[in-house]
Amino acid sequence: MNQADLTANQQTAMLADRYTQRAGAYEALWSPIIRPVGERLISRLPLSSTTRSVVDIGTGAGALLPTIKRAAPSAVIVGVDRSPGMLRLAKDKHSGPLALMDVQNLALPANRFQVAVVAFVLFHLPYPDQCLAEVNRVLQPRGAVGTVTWGSENMAPANAIWDDELQGAGAQILELPAVDNRACCDTAQKMTALLGKAGFVSIKVWSESIEHRWRPDDHFDYQVRSSSRLRLLSLSEKDREACLGRIRLRLSSADGDQYVYRGEVFMATAFKADHPSDNH
Ligand SMILES: C[S@@+](CC[C@H](N)C(=O)[O-])C[C@H]1O[C@@H](n2cnc3c(N)ncnc32)[C@H](O)[C@@H]1O
């Protein structure tokens, strides 16, 4: 089967499976890099006055749940995600409810939550507008939402060595374009428009930069367990070992600058209108 034969639903299910396969690597090696951004978003949400309920949309391995709990200690905090493997890790950090569901179709009651967090999720969705409409539906009137999405990213130059050697070895990956939807939400204007269309008001969007200098061993580990995992697995064991040997050799002369990652994020807060007509 090629990507043209896959429906958006099938690609969503495959993405969830990919997250399950790489959940441990995500939690150990990537989450610490982006978690501070999510925590800064949480500090901008009205959580200290939230006493009843919060939903973390696409909670993943639950990286933000302890911070949300500290900010709103008496609230019930619900985490939802489409990846069973990510939710299993969330369970270790969170004693509240966790549920497997597609965030474009929330099996949650209307007008229930005071705050919703949507961190690093919208760009994975074939229908981000539908997700935000669902978030709007489950929030109480005047409920708050916070979002984070990617703007531009400059991968560590060392990544290019991996791409080059994997390509040379004939490694394959099945691309999932329906769930690589960065263009939906990679500017302040697009985020403002998406939130407005979903019925949110008092929208504030700002950007931040992230810079991370990978430790070479962590970068190698993350490539093997996550970024390059499927391409490596597409090779025979013998070809894979040979490819990894060539990568190691080329990386042995890489200096620290080869490991610098830079990214830009767009963060937003907004509120559900008090009355449906308020958003016009
Ligand atoms: C980059 S992680 C972000 C996790 C978490 N919010 C954080 O900040 O660490 C993206 C998460 O979105 C989830 N996801 C992607 N598409 C989804 C969908 N359609 N429904 C529910 N979860 C989805 C993935 O399973 C993954 O756990």
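**View 1. I57 bridges to V80 of β2 in this predicted model.** Strands β1 (residues 53-57) and β2 (residues 76-81) run parallel and share five bridges. Strands are DSSP runs (E, at least two residues), helices are DSSP runs too (H or I, at least four), and both are numbered from the N terminus. Two strands pair if DSSP finds at least two bridges between them. The model is predicted: local features need pLDDT of at least 70, side-chain atom pairs count only at pLDDT 80 or more, and totals for chains, interfaces and linings use all residues. Residues are numbered from 1 along each chain as its sequence is written, and side-chain values use heavy atoms, without hydrogens and water.

**View 2. Seven strands build an open, mixed sheet.** The order is β3-β2-β1-β4-β5-β7-β6. β3 (98-100) and β6 (200-213) are the edges; each has a single partner strand, so one side of each lacks a neighbour in the sheet.

**View 3. Residues surround the ligand.** The shell counts 22 residues, each with a heavy atom within 4 Å of the ligand. Among the closest are G58 and D81. Helix α1 (residues 8-21) gives the largest share of the shell, three residues.
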